[in-house]
Amino acid sequence: MIVLGCNGFTRGAELFAEQYGAVGTEKHYVLGHDAGAALLIDGKLVAAVEEERLNREKKTSDFPANAVKWCLEKAGIEFSDVDLIAIPWKFSDQVFDTMMAELAAAPMKPADKVLRLSHLGALFDGALGPDAILADFAARTGFTPDPDKVVFVQHHLAHAMTGYYMAGKKDTAFLISDGRAELFSSLIGEIRDGRIRVFDESTISANDSLGNLFASITRYLGFVPNNDEYKVMGLSGFAEPPSPNPFLEHIVQLHEDGRYTLCRPHDPENGRAFDDLFEKYFGPYEDTVEYKANLAAAAQEMLTVVTSHQLRALEARTELNHLLFEGGLALNCVNNTKLLEGSRFEDMSVSFGASDTGVVIGAAVHAWANHPDTTAEVKFVDSVTPYLGPEYDSDTIEQTLREFTGRVRWTRLAEDEVVDQVAKLLTEKVVIGWFQGRLEHGPRALGHRSILANPKFPDIKDVINTRVKHREPFRPFAPIVLESDAPKIFEMGRKKRSPYMTFVFPVRPEYHDIIPGATHVDGTSRVQTLTDEDAPLLTSLLRRFTALTDVPCLINTSFNVAGEPIVCSPADAVNCFLGTEIDYLVLGNYLVTKTDQSA
């Protein structure tokens, strides 16, 4: 059975702009962001790519026309070969009726209710409703799908199945939390034998969204909501949370069964509905690191307290010992580590597709696993890799380099020469663009489209932030480390591995002076562990580098600059190389430098 997962709406951004003013810094307040496509063939994930990597519009919500086309071409199939099309949204008539009933009961003027109802109707008719989605698919692909072969999967269930599929398909408890889905923002439950059970009494409404509250904090601190929340996480390391914490005293209330509510509902019509409370409890806004760090530390503590409250309810309902955490909030890797260490769960998985980048995968898996033609005992494929996107052969790379003749020079190396020469270059204070194999899926670079550097230099973070990434100086960088070496360098706690850079660990004191460039101000690192099976060439490079330097890690950050998607093609990589102060570029087996004219 062939299943195509698809997320994104042609008119989504337009409608959210018209109805809710989602423009400028609000531009990512739109459902369907992180648009993309994935292809599942007989339970095996064969291709997945985010539309932003192809259309070069960061966090695009557009219909994933390029991603769909690439997935089908990768598999050598046509639309007529596809058995099911899976959509990670289920805005049914019942959902619309529920939203209207909630609106009718809301304490506001009738005229305001009518206005908001018109906004809601425009979204359903223009983008979110099943008929609109089918029409959008036909208009953008030229293929009219059979409605009986289109499966609409509840958004949070798609998240759950993404994590389940990538974590080895074992029975597991789960926590899903993000900005909002159809009606809810968070839920807990179990997956047994591939079947999902939600503990409904613990479900959190969209009006009480912790993800949207965190987005409001992000906006208030001067960043882009639904995009820059990781900056708030990074800033939290520069301060201790205030005691008592105003968020926990005045803004979030905890209830039985792991539930919580906000002191006022999230208002899609007013993204700054909490600003007056932030100023009331933290003082007038100041554009200083000290002010922002104080509020960020309070927000980070709030996130941990509230999600830990949910986990305690989950622990009381299940005897399972494994935990999945998926959804946008699961990208907060500082919180992830605290959640695991504060729980009774033996292990916790956060996938490389925890954000909405992964829901196309989960929707496809859910549709396949629950189809009547699929056997009752679902046979999942064991191995899952994040390297699911486009790759480029040597001929394509060399042709691209020739297009930049006069601006770059290049040398073609044997594979063992790549490892040896790059390792030697990295013994110095240089920054290297690293481009290998198939593009990784998800928001984090995992070693195929990466920027690498030596973490022994204390100021290497400043070099990369200012000269390469063009971003805030407080932003930390993550290390890659051999899985076998990780416990010697980091206090891993219950974790044995962290292949997707979704957990933070304290750096052992004896390594603070060895890897200062990969150690945050609070003494932690967001670690990616490597094995030969994960990324063999990068693993070989790390081994060779360690042998030369006795430094057991390399800095790994995404190959892009602020505001742009991670590079996908060789041309993307060369353009980024030429537009920054990256010292060397490694494209497959090609070592590339700049000519004097391009410097």
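These exercises work through a helix, a loop residue and the nonpolar cores of a predicted model.

**Exercise 1. Which residues of helix 4 are buried, and which exposed residues does the face turned away from them carry?**

Step 1. Locate the helix. Helix 4 covers residues 93–105 and has 13 residues. From first C-alpha to last it reaches 19 Å, close to the expected 18 Å.

Step 2. List the buried residues. Val95, Phe96, Met99 and Leu103 are buried in helix 4.

Step 3. Check their directions. They cover an arc of only 100° around the axis, so they sit on the same side of helix 4. In an α-helix, residues three or four places apart point the same way, because there are 3.6 residues a turn.

Step 4. Turn to the other face. Away from the buried side, helix 4 carries the exposed residues Asp93, Gln94, Ala104 and Ala105.

Step 5. Find a cover. Helix 5 (110–128) is included in what covers the buried residues of helix 4.

**Exercise 2. Is Asp228 buried or exposed?**

Step 1. Asp228 lies in the loop between helix 8 (210–220) and helix 9 (229–235).

Step 2. Apply the cut-off. Buried means under 20% relative accessible area. Asp228 has 5%, so Asp228 is buried.

Step 3. Look around. The side chain of Asp228 reaches the backbone nitrogen of Val224 at 2.9 Å. Beyond four places in sequence, Asp228 touches Thr218 and Phe223.

**Exercise 3. Which residues touch the most other members of the largest nonpolar core?**

Step 1. Name them. In this core of 120 residues, they are Leu213, Ile217, Phe247, Ile361 and Phe490.

Step 2. Find the main contributor. Helix 12 (residues 289–317) gives the most, with 11 residues.

Definitions and conventions: Residues are numbered from 1 along each chain as its sequence is written. This is a predicted model: local features need pLDDT of at least 70, side-chain atom pairs count only at pLDDT 80 or more; totals for chains, interfaces and linings use all residues. Side-chain values use heavy atoms; hydrogens and water are left out. Helices (H or I, at least four residues) and strands (E, at least two) are DSSP runs, numbered from the N terminus. Buried means under 20% relative accessible area, exposed over 50%, partly exposed in between (1.4 Å probe, protein chains only). A polar contact is a pair of N or O atoms within 3.5 Å; within protein, one must be able to donate a hydrogen and the other to accept it, and residues adjacent in sequence count only if both atoms are side-chain atoms. Contact means heavy atoms within 4.5 Å. The expected span of a helix is 1.5 Å times one less than its number of residues. The arc is that of the directions from the helix axis to the C-beta atoms. A nonpolar core is a set of buried Ala, Val, Leu, Ile, Met, Phe, Trp, Tyr and Cys residues joined through side-chain atoms within 4.5 Å.
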